[in-house]
Amino acid sequence: MALPIVDTFGRKHTYLRISLTDKCNLRCTYCMPQEDMQFMPSKWLMQADEISHIARLFVEMGVEKIRLTGGEPLIRKDAGDIISGLGKLATSLTLTTNAVYIDQFIPELKEAGVTSLNVSLDTLNEERFRAITKRDHFAKTLKHIRLLLNEGFVVKVNMVVMRGTNDDEVNDFVRLTLDEPNLHVRFIEFMPFKGNRWDLSKIVSYADLLAEVGREFQYQPVAGEMHDTASRFRVDGGAGTFGIIGTVTHPFCEGCNRIRLTADGKLKNCLFDTSEVDLLTPLRKGEDIRALIYAHFQKKHFAHGGHAGFSEQQAKSEYEQNREMIAIGG
Ligand code: SAM
Ligand code: SF4
């Protein structure tokens, strides 16, 4: 067993998020620029055997959980093979997906030991879905969330809440959890990335979200774990839970254990840190990449990639220097 990946703040990094592609079958406004998005040429992407090789190294270095993300991970033709390969490692495996193609992967997911998935859904209104995603997959997304629940998976529905776009639906989403023990909703504060026209006024904060739920429901906190990004709650008498991922106003950097690998094989030590280390090129040359990984985590900032806050000025000057969210892997 290799040494664990520990940063200068003593945080042990045991959770690897691998982006399989920067491409997607949806066009969510908060995730990617509406024009001029330059997708990576396919030859830049890590191949299935390279993903498996890098993942195995990370597992030797103490990674206990792997999440596949993107872009949309399931648009890759070899997504099933990648899931099956990673399912053999001694880690838990999960995915973040828009669920449009999930019906084609149920056997592979089960065989790989996947028990829980995160599914993005920002509205329960078909027209709004089209406005947010620029695509017509609303009915399919709902049908596939139901399919996952019927197949026995735990589904965590991720909703990015934006003022004036979908903030009037918060309690409709909470209502989904009342009778479904395997359905959990997570409200995500809107975060700034390259090209996503972020501004502070569009954020619905952690405090505002709790106040909104409190207008209709009584709820209690649910005990969490150190590495949780979401603070979780359960409505009195409810079966599932709701949670809030308050990256901007209620950060959780103290317990961060996350490692990010972009689809082109660049290592990021934080979602917001613009510095990246290329693992794929040295791997292709047959070099040992472990020293690069340890060194990059020695440079990890305590919070938010070293940015001091989230002002509109910072969004323009600092967060715009990062990649688009779709190209990082959420
Ligand atoms: N395509 C998959 C999906 O949508 O679930 C996986 C990739 S997506 C980038 C991962 C997660 O990031 C989604 O839950 C999405 O809602 C979230 N996300 C994207 N852009 C965001 C932003 N600007 N602020 C907060 N969350 C964002
Ligand atoms: Fe695609 Fe997911 Fe980004 Fe939406 S949030 S554009 S589904 S990658």
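A residue is taken to surround a ligand if one of its heavy atoms lies within 4 Å of it, and the views below all show a predicted model.

**View 1. Surroundings of ligand 2.** The residues around ligand 2 are Cys24, Leu26, Cys28, Tyr30, Cys31, Gly71, Asn98 and Ile326. Sorted by class, this shell holds six nonpolar and two polar residues, and no charged residues are found in the shell around ligand 2.

**View 2. The largest nonpolar core and the contacts of Leu86.** The largest nonpolar core comprises 100 residues, of which Ile18, Phe58, Ile66, Leu68, Leu86 and Phe187 touch the most other members. Helix H1 gives the most to this core, contributing six residues. When neighbours within four places in sequence are left aside, Leu86 is in contact with Ile18, Ile51, Ser52, Ala55, Ile66, Leu68, Thr91 and Leu93.

**View 3. The buried residues of helix H9 and what covers them.** Helix H9 spans residues 290–298, and within this helix Ile293, His296 and Phe297 are buried. These residues lie on the same side of H9 because they cover an arc of only 95° around the axis. The elements covering the buried residues of H9 include helix H1 (48–60), together with strand S10 (258–261), strand S11 (266–268) and strand S12 (277–278).

Notes:
Residues are numbered from 1 along each chain as its sequence is written. Chains are lettered from A and ligands numbered from 1 in the order in which they are written. This is a predicted model: local features need pLDDT of at least 70, side-chain atom pairs count only at pLDDT 80 or more; totals for chains, interfaces and linings use all residues. Side-chain values use heavy atoms; hydrogens and water are left out. Buried means under 20% relative accessible area, exposed over 50%, partly exposed in between (1.4 Å probe, protein chains only). Helices (H or I, at least four residues) and strands (E, at least two) are DSSP runs, numbered from the N terminus. The arc is that of the directions from the helix axis to the C-beta atoms. Contact means heavy atoms within 4.5 Å. Ala, Val, Leu, Ile, Met, Phe, Trp, Tyr, Cys and Pro count as nonpolar, Asp, Glu, Lys and Arg as charged, and the others, Gly among them, as polar. A nonpolar core is a set of buried Ala, Val, Leu, Ile, Met, Phe, Trp, Tyr and Cys residues joined through side-chain atoms within 4.5 Å.
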